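This briefing is meant for a reader who is meeting the structure for the first time. It goes through the contacts between parts, topic by topic.

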Amino acid sequence: MIRSQKTRTALGNTIIHIILGIMSFIWLIPIGFLLLASFRKEAGAYTSYILPKGYTLDNYTKLFTETSLFNYPRWFLNTLFVAVVSCIVTTILVLLTAYALSRMRFRLRRPLMNFIMVLGMFPGFMSMIAVYHILKAFGLTQSLWALILVYSGGAAMGYYIAKGFFDTIPKSIDESAMLDGATKSQIFWKITLPLSKPVVIYTVLTSFIAPWVDFIFVSVIMKDNYQNYTIALGLYQMISRENIYQYFTRFCAGAVLIAIPITILFIYMQKYYVSGITGGSVKG
Amino acid sequence: MKKKRSLLTRLSESISGFFSHFINGDGITKASYVVMGLGCLLRKQLVRGFCYLLIQVLFIWYMLSTGINNIIGLKTLGVNAQGQVWDEVNQIYRYTKGDNSMLMLLFGVLAVFVVIGFLFIYAASVKNAYENEQLLKVNKTPSDFNADVKRMFNEKFHVTILTPPILMVFLFTLLPLVFMILIAFTNFDKNHQPPGNLFTWVGLENFSAALYNDPVKSHTFLSLFIWTLVWAVFATFLNYIFGMILAIMINKKGIRLKKFWRTIFVTTIAVPQFVSLMLMSKLLHDQGAINVLFKNLGWIEDFIPFLSDPFLAKVTVIVVNLWVGMPYTMLITSGILMNIPADLYESARIDGAGPVTQFLKITMPYMLFVTTPYLITQFIGNINNFNVIYLLSGGGPLSLNYFQAGNTDLLVTWLYKLTVNEQNYSMASTIGIIIFIICSFFTLVVFNKTSSAQKEEEFQ
């Protein structure tokens, strides 16, 4: 009796191992295809065979040498610049908002939170045309600063996760500091922030990654200013209808190059990501 | 409900205070109703008083120079279109400067916001003057500038730290949004592009066109609306259930290399979506790698129209979305799954329940209880899931029965297409407002349900 149960669980585990193996394979197909295509010698997006006929590193080197039409290094620096600045601004705005809404009690707190929730329910890019014209009024269109303003402009609206974290820090710490004569500002800088490393890291990383993967706002703001494109929009151009045949393999190479750092960052921050999402959701 | 009333009563209190302070105040207080900041300047709050005065001067200057015109402009949104005049001397056409409806609307909205903001500051200054008078009556001095600054970093710290974020939200979210909401009540489309042509108010015409009046548009709207809901339901719940099963499989006792499996699935979502999804769309193309593979294996004769057949395309996007979404659910539910008390399963096993019964009777209710808010956000997120549809199928295959939309277009991707390809801004804004109504409806319904559920006994 016991023995048959044992063999049954062993059989069950083997089946699960096999299922996991097959699923991993399916899940990795696109990534494998991406890698293969990035080393493929022959051009073209659609081939009548799966494995490339020849392998080459040209797709990678040409990204950096043939820059007249698609200036990959320039796009890379653009994106890096936008990512760094907007991640600093976003982090500051998010942490300030979250701290105020979590720790301070003031009359407009509830109305403000409800108001932000309602604002958040409108589709984000519904207003992008208006944003474009506001930027135009500032004389900022087609510049990288415009992009930074767009990415960090609505930052305060994503305060939930940081607020959820601040809520978990015991209030008694604040109170004892206050008894010692600390001001609210000192409490924030000297006590709350050092205790909130995980959520600071999470905010920094998510806001750093955003400019690398967005191409909607960039395309609206940059229009045809190729020099100021970011990686995502630039790569998107490579596989437009007229370019795809010639540039598909190079697109794959460019995609691999940015996917690697982002993947590493994401794997590194996954535990913060999870605690952020579930921490907020369990409390509602 | 209670919250709302208290906000209203507060508002009415401050309005009645505004008048009673004028009646009860002395000469200086009464004078500060005309010259802002007088009640501060004459009562030892020099810096504050100067700020109020400066604001008033700036406001009057702004209103006289452009503000009033901007607000009046809102009524008509411009009457003179840009025209051409033949210049006899130079033998060329010259453009005459006309009105630009869009800028007029934008600056008009801005002017309205400025007026509202000014009224708040005005009310505050008047209240301040009255309070100073009362303080002096009981021989207390109003707080000076240094004390004010100190308060900004202590009791009033929230004002200091919320001002920059809220200003940004105002400028880059609220102002554009109000602008676009107003656009929904105009006829701003391809044929009414300023400055060449002007647009004007049309009331609810766009809404009636989208909902019933215009046969093509309303048909498109209804079909896409139904598909959006179908998509959101499938995308949310299939991902949820299958992702959870994946998590259970990986976490099961006796499964080896747990970390390895988890990393593989996490890697697939770590790759930027625009890369993986665009690649998928190439793989699933009629001549794409998957069709080639199947053909080489001899499984099929002709290619499978994964993304070019209206019905199959819908199935494909839902299935590919499983590929995108399952690892997310796995990642998020893993931790919660491990929190389910083990003795629940133990006793279930003793009662003879199999894995399926255990899943349906223990795991699902527990998870649903804990993750309902997550499910709502997912559902709303899927209604607005632009990336998957746009990058994968581009909304296609196109349909001639639809107004500028394809078979797999969601309302959001339709909105995007109307804006970017068609410049039919008024229609796009109308759709945006309708999406907002749908989303807030679901949120309200579910939040009411969960808040009542939370009052019940805790699970178990």
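This is a predicted model: local features need pLDDT of at least 70, side-chain atom pairs count only at pLDDT 80 or more; totals for chains, interfaces and linings use all residues.

On the side of domain 1 of chain A that touches domain 2 of chain A, the residues are seven nonpolar, three polar and two charged.

**The two domains of chain A**
- To the contact, domain 1 of chain A brings 12 residues and domain 2 of chain A brings 11 residues.
- About 950 Å² is buried between these two domains of chain A, with carbon and sulfur atoms giving 71% of that area.
- Of the area that domain 1 of chain A buries against domain 2 of chain A, 44% is supplied by A:L34, A:S38 and A:A45, which is more than any other three residues supply.

**The interface of chain B and chain A**
- In this interface, 90 residues of chain B are in contact with 86 residues of chain A, and the buried area is about 8,200 Å², of which 84% comes from carbon and sulfur atoms.
- Between chain B and chain A the count of salt bridges is zero, and four residue pairs, both at pLDDT 80 or more, are in polar contact.
- Helix α7 (residues 157-183) of chain B contributes the most to the side of chain B that touches chain A, with 19 residues, and that side consists of 65 nonpolar, 18 polar and seven charged residues.

**The two domains of chain B**
- Chain B is assigned domain 1 (12-160) and domain 2 (209-455), whose centres, taken over C-alpha atoms, are separated by 48 Å.

Notes
Residues are numbered from 1 along each chain as its sequence is written. Chains are lettered from A and ligands numbered from 1 in the order in which they are written. Side-chain values use heavy atoms; hydrogens and water are left out. Domain bounds come from an automatic or database domain assignment. Contact means heavy atoms within 4.5 Å. Buried area is the accessible area (1.4 Å probe) that two parts lose on being put together, summed over both. A salt bridge is a side-chain nitrogen of Lys or Arg within 4 Å of a carboxyl oxygen of Asp or Glu. A polar contact is a pair of N or O atoms within 3.5 Å; within protein, one must be able to donate a hydrogen and the other to accept it, and residues adjacent in sequence count only if both atoms are side-chain atoms. Helices (H or I, at least four residues) and strands (E, at least two) are DSSP runs, numbered from the N terminus. Ala, Val, Leu, Ile, Met, Phe, Trp, Tyr, Cys and Pro count as nonpolar, Asp, Glu, Lys and Arg as charged, and the others, Gly among them, as polar.
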